[in-house]
Amino acid sequence: MDNIETILTRKSVRDFASKEVEKEKIDLLLKGAMASPSAMNRQPWKFVVVTNKDKIEEIKKAMPFGKHNAPLIIVPCIDEIAASLLNKGLAACDLAASSENILLMAHSLSLGAVWCAIYPNKMQIKKMRKVLGLSLTLSPFSCIYIGYPSDSDKSKVKDKFKEKNIIRI
Ligand SMILES: Cc1cc2nc3c(=O)[nH]c(=O)nc-3n(C[C@H](O)[C@H](O)[C@H](O)COP(=O)(O)O)c2cc1C
């Protein structure tokens, strides 16, 4: 799959096969995550990788709109210490870029993924920090469910291009 096709055909996948994601693919997802741009190149992130089934169930319970049956969850977190010299909003931009890289890398590896929101909901950040056993220096940003798409995942790629959303000068 070339880069243009990867970007144009990515879609959220919410239903997964039980097949585990191979370690080599997990490593590539994390390399992709850390290849993203960041303000002043501070890379203010840490990535929690969850494959433990009990922990995945705990996360699903804690995520109001994230009940998806994935065998792998990656939680990109703001590293508050690395981010401390930045405007808080910039660290969030960095984590958003990194989260998108994970989605694109997943798609190019024939995996499916969906980004579920944590940031900027303070209660949800606190709740997920507790579930993941993280210190106050790490703020969970997004919760990305990843796995092989199930055969029953029938969702289609949507063409979201809208000329009306462009201002040409
Ligand atoms: C910031 C953000 C938060 C999202 N939160 C959720 C969520 O909590 N649960 C979910 O199932 N999908 C979530 N999504 C996925 C969106 O619903 C999805 O990207 C959107 O419907 C467009 O569909 P597509 O990704 O297939 O193009 C989120 C996406 C973003 C970018």
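Q: A residue is buried if 20 or more other C-beta atoms, placed from the backbone, lie within 10 Å of its own, exposed if 12 or fewer, and partly exposed in between. Is Leu138 buried or exposed?
A: Leu138 has 20 C-beta neighbours inside 10 Å and therefore counts as buried. The structure is a predicted model, in which local features need pLDDT of at least 70, side-chain atom pairs count only at pLDDT 80 or more, and totals for chains, interfaces and linings use all residues. Residues are numbered from 1 along each chain as its sequence is written.

Q: Where does Leu138 lie, and which residues is Leu138 in contact with?
A: Leu138 belongs to strand S4 (residues 138–140); strands (E, at least two residues) and helices (H or I, at least four) are DSSP runs numbered from the N terminus. Two residues are in contact if their C-beta atoms lie within 7 Å. Setting aside neighbours within four places in sequence, Leu138 has such contacts with Lys46, Cys77, Asp79, Glu80 and Arg129. Between Leu138 and Phe47, which are 91 residues apart along the chain, the C-alpha atoms are separated by 9.8 Å.

Q: Which residues of H4 are buried, and what covers them?
A: The buried residues of H4 are Ala91, Asp94, Leu95, Ser98, Ser99, Asn101, Ile102, Leu103, Met105, Ala106 and His107. Their cover includes helices H1 (3–9) and H2 (23–34), together with strands S1 (45–50), S2 (72–79), S3 (112–117) and S5 (142–147).

Q: What describes the packing of H2 and H4?
A: H2 and H4 pack at an angle of about 145 degrees, and their axes are 7 Å apart. The axes are lines fitted to C-alpha atoms over the stretch in contact, and angles run from 0 to 180 degrees between N-to-C directions. H2 contributes Leu28, Leu29, Gly32 and Ala33 to the contact, while H4 contributes Ser98, Asn101, Ile102, Leu104, Met105 and Ala106.

Q: How do the residues of the contact of H2 with H4 divide by class?
A: The contact of H2 with H4 has 7 nonpolar residues, 3 polar and no charged. Ala, Val, Leu, Ile, Met, Phe, Trp, Tyr, Cys and Pro count as nonpolar, Asp, Glu, Lys and Arg as charged, and the others, Gly among them, as polar.

Q: Why is Ser36 called partly exposed?
A: Ser36 has 19 other C-beta atoms within 10 Å, so Ser36 is partly exposed. Ser36 is located in the loop between H2 and S1, and, not counting residues up to four places away in sequence, touches Ala97, Ser98 and Asn101.

Q: Which residues surround the ligand?
A: The ligand has around it Lys11, Ser12, Arg14, Phe65, Gly66, Val114, Trp115, Cys116, Ala117 and Lys158; a residue is near a molecule if its C-beta atom lies within 6 Å of it. This shell holds 5 nonpolar, 2 polar and 3 charged residues.

Q: Why is Lys11 called partly exposed?
A: Around Lys11 there are 17 other C-beta atoms within 10 Å, so Lys11 is partly exposed. Lys11 sits in the loop between H1 and H2. Not counting residues up to four places away in sequence, Lys11 touches Ser155, Val157 and Lys158. Lys11 and Ser155 are 144 residues apart in sequence, yet 8.2 Å apart in space, C-alpha to C-alpha.

Q: Why is Asp153 called partly exposed?
A: Asp153 has 15 C-beta neighbours inside 10 Å and therefore counts as partly exposed. Asp153 is in the segment after S5. Leaving aside neighbours within four places in sequence, Asp153 is in contact with Val13, Asp15 and Gly112.

Q: What is the phi of Met40, and is Met40 buried or exposed?
A: Met40 has a positive phi near 55 degrees and is not a glycine. Met40 lies in the loop between H2 and S1. Met40 is exposed because 10 other C-beta atoms lie within 10 Å.

Q: Is the peptide bond from Tyr119 to Pro120 cis or trans?
A: The bond from Tyr119 to Pro120 is cis, with omega near 5 degrees. Pro120 is placed in the loop between S3 and helix H5 (122–132).
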